[in-house]
Amino acid sequence: MKKKIRVYQCQDTLEGILTAVYDAGKSRYGHDHIRLQAQPEGYHENFNLFSEYIQVEPDREKMEKVLRTVEEKISRQVCQQIICCAFCAQEDKADVIYHYIVCGFAMGAKVVKALQIPWVQRVFEMNRMITNEAHYYREFIRFQELPQDPPVLLSVIEPKNRILSFVAQHFADRLNPEWFIIYDKAYQEAVFHSPAEGWYIRRLEPEEGRQLAAMEDYQEEYVDLWKTFFEAVSIPERENRDLQRNHLPLHFRSHMPEFGN
Amino acid sequence: MIFEEHASLQRKLQILSDAAKYDVACTSSGVSRPGRKGELGNTEASGICHSFSGDGRCISLLKILFTNECIYNCKYCINRVTNDLPRATFTPEEICELTMEFYRRNYIEGLFLSSGIIQSPDYTMELIGKTLHDLRTIHRFNGYIHCKAIPGASPELVEMVGWYADRMSVNLELPTTQGLKNLAPNKSRKSILTPMRQIQSGMEESRKLLGMKGGNRSAYWHTSKRLGRILPGTEALSGSTPASLEQREQKKDMVSEKKEEEELQLPGKAQAGGLTQWNRRDTSRGFVPAGQSTQMIIGASGETDYEIMAVSEALYQRFDLKRVFYSGFINVNQDASLQALEGKPAKLREHRLYQADWLLRYYGFAAEELLSKKRPNFNVFLDPKCDWALGHMEQFPVEINRADYNMLLRVPGIGVKSAQRICAARQTGPLDFPHLKKMGVVLKRAIYFITCNGRLMYDFLKMDEDYITRSILGEDQAVLKNFGQQDIQYRQLSLFDDWKRAEG
């Protein structure tokens with residue numbers, strides 16, 4: 001008789017996913033019959049008739065065990081890739097992470113190269129998604145100065161993946177003498193930075209998010225100067241809006257003052 | 001002429017960024033320098049584009065001229081002395097303010113400062129130097145600065161600027177000496193190459209004594225090293241190969257090119273004199289750590305693609321440049337002595353030159369492999385790599401699971417990254433066509449030139465130059481249908497006929 005598929009359902013966080021990985025691995029049920037599903041809060045999945053479902057409660061200790069074992073038995077790079085995947089907005093990520101770790105235990109550190117294996121391909125793709133989007137935001141994040149003492153720089157973004165932790169260090173290094181906030185509207189979290197204390201990321205209450213979003217207006221003197229420059233530096237004889245759109249997709253533009261009216 | 005001496009900052013910015021827009025050597029790459037406590041900014045080796053203007057070009061740096069007043073009369077240049085247009089000049093303080101405030105808001109990656117010539121090259125260079133000095137020391141700016149060296153300025157001033165800038169560039173302006181003589185009467189090849197040589201030897205000296213300071217070597221240097229080629233004028237990288245000897249033999253009968261190369265050979269280090277300001281300048285960034293670049297105008301003086309590529313190659317080899325930029329000529333002055341153009345810049349030609357430039361720097365091609373005296377221009381319908389492969393069918397097909405890295409790089413549709421991924425992945429097991437697709441290989445190009453485990457992708461593919469040319473130009477729809485490439489635009493038959501004629 002065919003063995004039933006067993007589905008581990010977990011919270012959509014690094015902690016939740018890796019706890020599920022731990023439980024699934026310990027169960028010795030057989031990798032081919034195990035699926036993992038990460039579920040955002042308040043999400044209801046259509047259940048499959050012939051599968052068995054197991055709810056997993058996140059457990060910090062289990063997460064740390066998995067990360068430590070992966071780093072020791074496979075490699076640090078694999079460990080980083082897994083963390084990266086967990087921040088990606090892809091439905092199959094928990095399943096991919098689980099099977100990637102299974103492959104890693106079989107092959108060792110060279111698993112990162114083995115792009116013939118579908119699981120490795122997916123990890124590679126998700127890592128590329130995250131690093132590409134993080135790079136876009138290093139380019140296209142715009143700050144405006146809030147007239148306070150000391151002045152605070154504010155930026156609002158709406159990324160597809162949860163990339164805030166991948167851009168925070170870049171701006172903390174670059175703008176180290178500044179106070180700044182980067183508010184991620186899509187995932188309701190924000191980076192706070194001050195010159196003396198460095199940076200941290202915190203989840204926001206809905207009210208805090210509304211307040212930050214309301215402050216975004218781009219009414220500064222330097223916005224006008226920037227728009228002037230932006231228009232003047234373009235060569236009319238070479239106008240090419242398609243090329244511009246390829247490099248700078250429209251969905252980024254809502255928070256970029258040079259494209260506002 | 002309208003001098004706008006008391007113009008607002010906004011008006012000045014408008015005039016002076018408008019005047020700088022034709023400059024194309026505007027990248028922010030080449031040096032990775034972490035932030036410093038209390039200083040604004042850092043730099044990334046890959047460079048960062050912060051926006052894209054309406055022409056699709058990247059905006060990375062605050063690209064401005066110090067002034068658009070100019071005593072010279074270069075025929076191609078919008079800012080030449082005989083043109084009647086609004087003129088303005090920044091003060092160093094204004095430039096610092098704009099740079100700092102734009103940088104804080106993440107609008108830009110740093111400053112790109114060029115200038116028209118006011119009074120004399122020395123006077124202009126001094127103003128640029130003063131601006132950079134203020135920006136680095138008073139405003140404590142640690143971001144990227146790209147700055148022009150003015151031909152004819154004294155070596156002391158060029159050196160001073162080099163200690164503040166990350167990248168410097170001297171514009172070659174035109175690919176040939178004759179072109180320069182005709183179109184830029186106030187400039188000479190020698191006055192352009194002298195500061196270029198000075199910066200090159202200064203960089204070498206700085207690297208020897210201070211280390212790389214976060215800067216990297218050029219792609220051309222790395223490629224030459226990988227292939228074991230010797231760069232003239234630099235130390236031997238490793239043993240000579242028969243290939244390079246053969247190339248030198250070939251060169252003997254290329255008279256015009258030889259002449260061009262002699263032009264690019266300047267009296268070397270003796271004249272440069274070395275760095276002299278170690279004690280007076282902040283050496284913590286090194287001297288021009290991100291290297292130097294140049295640009296030339298394409299299509300204003302009637303040179304062939306072959307001449308242009310030979311000049312680029314010589315610049316990479318002898319002057320250790322990071323990049324050469326090609327700027328399709330726009331006849332802004334409607335000057336009668338310049339080639340009449342239909343208002344549109346030669347974008348496709350420019351594109352082909354950039355493609356070939358990449359082949360030189362990353363793929364290990366030599367200019368003579370791509371073009372020859374008999375065939376001095378690139379094929380408009382095919383990219384240079386594909387064109388080369390079609391002319392060398394005896395080297396194909398290439399077996400993906402065995403071919404060495406350098407040969408993989410020569411396959412159309414395989415780039416640097418996918419070649420690296422292939423080499424890594426095949427250590428863990430054999431590869432097949434679907435895997436390649438996932439790795440980023442452009443299969444619709446590559447299928448004609450590769451086998452996996454001894455098999456072509458489709459049995460009906462023929463290793464025949466005409467057949468492949470026709471297929472790639474979109475005639476053979478069977479191949480493309482198999483890939484579900486509905487978005488391909490099929491060209492008309494007549495186009496292919498045109499191409500045949502151009503070849504013959």
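Chain A is divided into domain 1 (5–129), domain 2 (141–217) and domain 3 (218–261), with bounds that come from an automatic or database domain assignment. This is a predicted model, in which local features need pLDDT of at least 70 and side-chain atom pairs count only at pLDDT 80 or more, while totals for chains, interfaces and linings use all residues. Residues are numbered from 1 along each chain as its sequence is written, and chains are lettered from A and ligands numbered from 1 in the order in which they are written.

**Domains**

- In chain A, the centres of domain 1 and domain 3, taken over C-alpha atoms, are separated by 41 Å.
- For chain B the assignment gives domain 1 (2–370) and domain 2 (384–503).

**Contact between chain A and chain B**

- The contact takes 41 residues from chain A and 48 residues from chain B; two residues are in contact if their C-beta atoms, placed from the backbone, lie within 7 Å.
- On the side of chain A that touches chain B, at least two residues each are supplied by α5 (118–140), α6 (164–174), α8 (221–232) and α9 (241–247) of chain A. Helices (H or I, at least four residues) and strands (E, at least two) are DSSP runs, numbered from the N terminus.
- With eight residues, α8(A) gives the most to this side of chain A.
- By class, this side of chain A has 18 nonpolar, nine polar and 14 charged residues. Ala, Val, Leu, Ile, Met, Phe, Trp, Tyr, Cys and Pro count as nonpolar, Asp, Glu, Lys and Arg as charged, and the others, Gly among them, as polar.

**Contact between the domains of chain B**

- In chain B, 10 residues of domain 1 are in contact with seven residues of domain 2.
- The elements giving two or more residues to the domain 1 side are α12 (347–361) and α13 (367–370) of chain B.
- The largest share of that side, four residues, comes from α12(B).
- The domain 1 side has six nonpolar, two polar and two charged residues.

**Helices α3(B) and α4(B)**

- The axes of α3 (residues 121–138) and α4 (residues 155–164) of chain B come within 9 Å and cross at roughly 25°. Axes are lines fitted to C-alpha atoms, for helices over the stretch in contact, and angles run from 0 to 180 degrees between N-to-C directions.
- α3(B) is therefore roughly parallel to α4(B) (angles under 35 degrees count as roughly parallel).
- The crossing of α3(B) and α4(B) is left-handed, meaning that the near helix is turned anticlockwise from the far one by less than a right angle.
- Residues of α3(B) in the contact include B:Met125, B:Ile128 and B:Leu132, and those of α4(B) include B:Leu157, B:Val161 and B:Tyr164.
- By class, the contact of α3(B) with α4(B) has eight nonpolar, two polar and three charged residues.

Methods. Angles under 35 degrees count as roughly parallel, over 145 as roughly antiparallel, 65 to 115 as roughly perpendicular and the rest as oblique.
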